[in-house]
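Hi everyone, thanks for making time for this. I'd like to walk you through one model, a few residues at a time, so please have a look at it while I talk.

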Amino acid sequence: MEKFTIYTGTTVPLMNDNIDTDQILPKQFLKLIDKKGFGKYLMYAWRYLDNQYTEDPDFVFNRPEYRKATILITGDNFGAGSSREHAAWALADYGFKVVIAGSFGDIHYNNELNNGMLPIVQPLEVRQALANLKPTDEVTVDLEQQKIFSPVGEFSFDIDGEWKHKLLNGLDDIGITLQYEDLIAEYEKIVHLIGSNLIFAILRKF
């Protein structure tokens with residue numbers, strides 16, 4: 001997973017509340033198993049007019065001025081519904097690095113973090129101000145300082161300390177385990193030398 005320290009990008013507003021994981025990525029696309037390629041199907045029912053992928057020119061993602069946006073400004077309860085991680089894969093593959101919402105579905109919030117994105121909770125007045133930015137206005141998110149810097153103001157955000165550590169250091173669950181690689185290797189040597197049965201017998205005494 002790539003490190004997330006400071007990120008600068010432009011925003012796109014999609015201020016609907018209760019956007020669930022089926023709207024983010026419909027269930028018919030869950031058969032795909034590779035994380036790559038899901039961006040094409042993000043917000044499928046809203047982005048396209050038919051199953052031939054004819055874009056709806058009125059949907060905000062399809063407007064030319066927002067096509068390169070990488071920070072999504074959205075409503076309350078974003079990512080509610082099923083636990084499908086594919087929804088986070090679609091957001092990441094599309095190019096989003098930051099999602100700023102009023103609240104998140106708990107599982108989806110963790111799925112975004114696990115996929116290197118930064119989900120941020122902000123009150124409505126902040127999100128409305130960010131949603132009204134010009135498409136060319138840049139916003140900077142500083143994870144170390146836990147601050148958002150924008151043309152309409154500077155805003156603080158909260159994040160769990162463990163998740164912050166993981167993102168700053170580019171560590172997923174496998175990366176966390178590999179931090180203890182030397183200890184694991186040493187344990188395996190001991191097991192090989194004296195046998196696991198003896199180790200378990202010793203451990204049972206404590």
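Asn77 lies in the loop between E2 and H3; helices (H or I, at least four residues) and strands (E, at least two) are DSSP runs, numbered from the N terminus. Although Asn77 is not a glycine, its phi is positive, about 60°. Most residues other than glycine have a negative phi. At 28% relative accessibility, Asn77 counts as partly exposed: buried means under 20% relative accessible area, exposed over 50%, and partly exposed in between, with a 1.4 Å probe and protein chains only.

A word on the ground rules. This is a predicted model, where local features need pLDDT of at least 70 and side-chain atom pairs count only at pLDDT 80 or more, while totals for chains, interfaces and linings use all residues. Residues are numbered from 1 along each chain as its sequence is written, and side-chain values use heavy atoms, with hydrogens and water left out.

Now to Met43, in the loop between H1 and H2. Met43 is not a glycine either, and has a positive phi of about 50°. Is Met43 buried or exposed? With a relative accessible area of 0%, Met43 is buried.

Next, salt bridges, meaning a side-chain nitrogen of Lys or Arg within 4 Å of a carboxyl oxygen of Asp or Glu. By this rule the count comes to 6. Let me show you some of them.

Asp22 pairs with Arg84, and the closest N and O atoms are 3.1 Å apart. This pair links distant parts of the chain, 62 residues apart: Asp22 sits in helix H1 (residues 21-24), and Arg84 in the loop between strand E2 (71-74) and helix H3 (86-94). Asp22 is partly exposed at 31% relative accessible area, whereas Arg84 counts as buried at 15%.

Glu55 and Arg67 also meet in a salt bridge, at 2.4 Å, N to O. They are 12 residues apart, both in the loop between helix H2 (44-47) and E2. Glu55 counts as partly exposed at 31%, and Arg67 is partly exposed at 42%.

Then there is Glu162 with Lys166, where the closest N and O atoms are 4.0 Å apart. Where do these two sit relative to each other? They are 4 residues apart in helix H6 (residues 161-169), so about one helical turn separates them. Glu162 is exposed at 53%, but Lys166 is buried at 7%.

On to His108, which lies in helix H4 (residues 106-114). At 2% relative accessibility, His108 counts as buried. Its side chain makes a polar contact with the side chain of Glu112 at 2.7 Å; the term means a pair of N or O atoms within 3.5 Å, where, within protein, one must be able to donate a hydrogen and the other to accept it, and residues adjacent in sequence count only if both atoms are side-chain atoms. Leaving aside neighbours within four places in sequence, His108 is in contact (heavy atoms within 4.5 Å) with Thr21, Ile24, Phe78, Gly79, Ala87, Ala88 and Leu91.

Last stop, helix H5 (residues 124-131), whose buried residues are Val126, Arg127, Leu130 and Ala131. They are on the same side of H5, because they cover an arc of only 135° around the axis, taking the directions from the helix axis to the C-beta atoms. What do the buried residues of H5 pack against? Their partners are strands E1 (6-14), E2, E3 (98-101), E5 (138-142), E6 (147-150) and E7 (153-156).
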